[in-house]
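This report concerns the fold of one protein chain. Please consult the sequence and the model shown here before reading on.

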Amino acid sequence: MKSENNWTDELTWRCAACDRPLELGQVTVTYMDNSFTTEMPRCAQCGSVLVPEALALGKMAEVEKILEDK
Amino acid sequence: MDKNELRQWEQRCIQEEPPACTAACPIHVDVRTFIGHLQQGRWDQAWQTLARIMPLAGLLGRICDAPCQALCKRNEAGDAIRIGDLEQACVNHVEIIYRVTKLPSKGKQIAVLGSGLSSLTVAWDLVRKGYGITLFEPGETLAVSLTNQHRTLDTASVAAELDQLEKLGVSFETGAALHSQSFLDDCLRRYDALYIGLDGVASPEWTLERDRSGTIRVETGSHATSRSGIFAGGAVFSTIWQAAHGRWAATDIDRFAQNVSMTAGRDREGPYESRLYTSLEGVAPLPAVPMAHADQGYSKAEAADEASRCLMCQCLECVKVCPYLEHFGAYPRKYAREIYNNASIVMGSRSANLLINSCSLCALCESVCPEDFAMQELCLQARRSMVARGKMPPSAHEFALEDMAFSQGDDFSLARHAPGMERSSHLFFPGCQLSASAPGQVEALYDHLNRSMDGSVGLMLGCCGAPAFWAGHAEKFDEALMQWEQQWEALGRPELIVACSTCHRMFRDHRPEVPVQSIWETLEKVGLPGNRAAGSIQGTLAIHDPCTTRDMPGIQATVRRLLGRLGVAVSELPLSRETTECCGFGGLMQNANPDMAREVVQRRGALSPDDFVAYCAMCRDSLAAGGKRTLHLLDLIFPEPRTPDPADRPKPGWSRRRENRARLKERLLEQIWGETISMGPDHRSIALKIAPEVQSRIDERRILIEDLQQTIALAEAGGPKFRHPATGRYKAAGRPCHVTFWVEYAPTSDGFEVFDAYCHRMEVGGP
């Protein structure tokens, strides 16, 4: 699920618990028995992932539909 | 669906049936395509269309006697299209070039006797199939009878066609001494089969069985004579029939020579009655275009004018009235095939999922189809099969099914006798959407019913199971009805009064033993309350019948009488009563394909400039959401003083619809039965401030207030969340079920303000 965006805006958010800035990191995305990895903003310490809105409503929604019709 | 069922479905849709002209043509010339090319000025393509079917089209096109015209649909609106004259015009105005493909030689030889049209056709058809052909003509000139009989045929054009035959490899022997039995015997020795064209030759010398008139007897259907290997035909007056005899005899000879079935796959040979239906609604009668010079036939311009009168016969009755069927670009026969293929895909995309799930199941197609094709049954069957095989896209109906579960749960579900009563003569079941849209009207109705019916009306809040039925969840639907039935039994099986025509249909079709009447029938019997709003209605209201009343003419009539009693001036929509349209909510279209639903409701709203009056809460709300000013009939009967313009009332959002139901139950319990109930889970007490534009965006994304409350509660209780240093806002995610909700929020003095929310179905985890 490659995206053109470099998520500059999302990377200004900080993990509230660890009080650390977010970094781009590999995360696993799973849907309907399909799994793949992609880069998203996440907390380097606790691993919490922030899914950007543009990704959720764009590429993710598209891939969800493709997997649902598979 | 198995192959047989597919064929039955396909068979029912008549869009691909040929037009009457083609069906009436003995050799089935594709007249519609031919004329379509003429309409567009594509003369060469028109010629190619003729030549694809017609043998020696440069000849037959000049003399075809066009029996098709008698069946032309234009007959019913002016004159039949002059198809024969258009064929002549085409042949006259184009450069005749044949694009003939010839099969490799079969190593077999056929003798053709006579040079009438049937003989020339046999030669034309068989030489292209790879047979060696020798044509014997007793006279000195070929096809002389044709040029003698038809003034439209000149020697040069006949010669060109014969030349064409010769180029293909046909040998001609003129002056042949064929009037003897020995000639036939000799032919049978030298050739694999023999054709006698009775439109050109006949000899009393031939010892073949004859009929009473002395004509050689020919088997109907096989053109065989009494002697094996000898075929005959063409003893007809009509030119196109002579050609047809030649064509069929050529098929007979080919099959005879190859020793294969003489009959297989030939059931539509010759004229038949087409099942194609073509509506003449709105077709102005037009006379045939005259010829300036009858002896020269149509000029190009005249032919184009005449062609333009052609109706291009097709059915598409359902597609014309249904934006959904139109949207997917084909018609039910094609859709049946796509749906069948969709189920058999092992790898790759199931591209018909959206087609299957977008149908509103409203049955308008069935009601306008001359053959009763029921797209809704096809789609519902497919949905059930998808659910059963675990192939239903989860996003298609999940939101609606969760809403249904809400209605069945403690937040809304309720079944009681009227206070102080031990039994109920009737049971009022308002359904989930009226309660969601206008809970005050449910209260007013229940009050009115009990006042008018001696306080013997019980109340049941809940769901009839329609969303599960529409979603193809057969088991869930059964469970819903069983849950309902248990409550109904416990109340002593009272007669049901329903306020929703969908509920009405569900009970009628799936619980026929339950006595059920519509609230409109009840109100007509018990009378309307005193303080009605009808007097304040200005202008005329167009009646919108819910699609679920399609086969309930009694209810449609009752509603019209009630409107009459209310003194409201009404108008009828062009598609109403048994041909009414869905509002876009039916069949969960709105869930599976919101864009489609928007298009449907906007098209519906544009049918009349009048405000609409609906008598289904969901129709009312969908139309209002589509920008159409729409009243509910109950707005006229139980006016709400705080809503002076109910036609302008917005559709309550999804969260409000749930809250309205829960509050309705709470109020009814408190005010009628004097009971109080708890608010439900703690998170529901979290106060949220949401700007209207954020609220409508969230609602469109089908995110409920409760989803936000749950997510915030989780984050504030120590769950993961993110903080924006510049704005001080938080962002957190919650996944109560199959969807992850993201909320951007900030604390306020008494709760939280929500700035944004979005969701996704995928699960996101660590590396």
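## Basis and confidence

This is a predicted model, in which local features need pLDDT of at least 70 and side-chain atom pairs count only at pLDDT 80 or more, whereas totals for chains, interfaces and linings use all residues. Residues are numbered from 1 along each chain as its sequence is written, and chains are lettered from A and ligands numbered from 1 in the order in which they are written.

Chain B has an average pLDDT of 95, and 99% of its residues score at least 70; pLDDT is the predictor's confidence in each residue, from 0 to 100. For the model, ipTM is 0.97 and pTM is 0.89.

## Overall dimensions

The radius of gyration of chain B is 37 Å, while a compact globule of 767 residues would have one near 27 Å (taken over C-alpha atoms; the globule rule is 2.2 Å times the number of residues to the power 0.38). Along the principal axes, the C-alpha atoms of chain B fill a box of roughly 115 × 70 × 50 Å.

Of the 767 residues in chain B, 47% are buried (20 or more other C-beta atoms within 10 Å of the residue's own, with C-beta atoms placed from the backbone). Chain B contains 33 helices and 20 strands, which are DSSP runs numbered from the N terminus (helices: H or I, at least four residues; strands: E, at least two).

## The five-stranded sheet

In chain B, an open sheet of 5 strands has the order β3-β2-β1-β4-β5, with parallel pairing (two strands pair if DSSP finds at least two bridges between them). The edges are formed by β3 (171-174) and β5 (230-233) of chain B, each with a single partner strand, so one side of each lacks a neighbour in the sheet. Neighbouring strands of this sheet are turned by 20° against each other on average, direction ignored (axes are lines fitted to C-alpha atoms, for helices over the stretch in contact; angles run from 0 to 180 degrees between N-to-C directions).

Strands β1 (residues 109-113) and β4 (residues 193-197) of chain B run parallel and are joined by 4 bridges. A111(B) stands opposite L194(B) in β4(B).

## The four-stranded sheet

Another open sheet of chain B, with 4 strands, has the order β12-β11-β13-β14 and parallel pairing. Here β12 (570-572) and β14 (630-632) of chain B are at the edges; each has a single partner strand, so one side of each is left without a neighbour in the sheet. The twist averages 40° from one strand to the next.

Helix α29 (residues 617-625) of chain B packs on this sheet, touching β11, β13 and β14 of chain B (contact: C-beta atoms, placed from the backbone, within 7 Å). The direction of α29 makes about 160° with that of β14(B).

Terms used
Two residues are in contact if their C-beta atoms, placed from the backbone, lie within 7 Å. A residue is buried if 20 or more other C-beta atoms lie within 10 Å of its own, exposed if 12 or fewer, and partly exposed in between; C-beta atoms are placed from the backbone.
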